[in-house]
Amino acid sequence: IPVLCTSLREKASAPLRFTSGQPSIQPDPERLQKTCDLTALPQATHFVGRGKEISEVLYALLAHRPADFVVLHGLGGIGKTSVALAAAERIGWHFDDRVLAISFETLARLDASDQRVVDETFADRFYNRLARFYELDPAQYPTTVELQQAILQSRTHTRSLLVFDNIETLIDTQKDHPDARSLATFISRLKEGNGALLLTSRMTPPSDWGECLVIELAG
């Protein structure tokens, strides 16, 4: 609620007068439902502190020439996701409130024999979600390569922030799974677009992904 104070001796007139029209809310809540989706980042029950780390993330994303990837790096359960969520909520305006978060936690899991099992449908769901985020119809592209190219092209013309949580699952899986390697190659190309990419990971991305600014989260 804005409060206006004055030292005038006489009572001042009302500073604002609405003669016609209807008030509006900015950003538009209906538009936000379509352009801003951070539901993949669970809200922490209690989240305090981490002001220094959040400031580092904001500074990195607001840089004139940001790194290809800004990476929140630290041990599991240390708060990487919570920091990413807090930063994304604060900086969404800089990307015209076009922000999307995707978790890679379900890309792979360990079975009873401690063998890695990859979710074969994850990549398709990932591409389809990105396509819809960039207002593309996945059904219009008969092959994955064509859909990838369309997403990359749209990202070039649409300023946005992508937040990829638990990306270490992909980094670890790409070593011995062809589909994961293809997905990793595509993600490394997303840096060519207009906007920024924020990752949370227990592992640092490989050097061939591009320039990574790593922000360490200590206990």
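## Basis of the model

The model is predicted, with local features requiring pLDDT of at least 70 and side-chain atom pairs counting only at pLDDT 80 or more, while totals for chains, interfaces and linings use all residues. Residues are numbered from 1 along each chain as its sequence is written, and side-chain values use heavy atoms, with hydrogens and water left out.

Strands are DSSP runs of E with at least two residues, and helices are runs of H or I with at least four, numbered from the N terminus. In a regular strand the side chains alternate between the two faces of the sheet. V99, A101 and S103 lie on one side of β3 and L100 and I102 on the other, and both faces are covered.

Two strands pair if DSSP finds at least two bridges between them. Strand β1 (residues 36–37) runs parallel to β3 and is joined to it by 2 bridges, with C36 partnered by V99. Strand β6 (residues 160–165) also pairs with β3 in the parallel sense, over 5 bridges, and here the partner of V99 is L161.

## The largest pocket

The largest pocket has a volume of about 210 Å³. Of the 13 residues that line this pocket, G77, K80, T81, N166 and R202 are the closest to its centre. A pocket is an open set of points on a 1 Å grid over the protein atoms alone, where a 1.4 Å probe fits, with protein on both sides within 12 Å along at least five of seven lines, and lining residues have an atom within 4 Å of a point. The volume is the space filled by probe spheres set on the points, which are joined across faces, edges and corners.

Helices α3 (80–91) and α6 (168–173) each supply at least two lining residues, and α3 gives the most, with 3.

Methods:
Buried means under 20% relative accessible area, exposed over 50%, partly exposed in between (1.4 Å probe, protein chains only).
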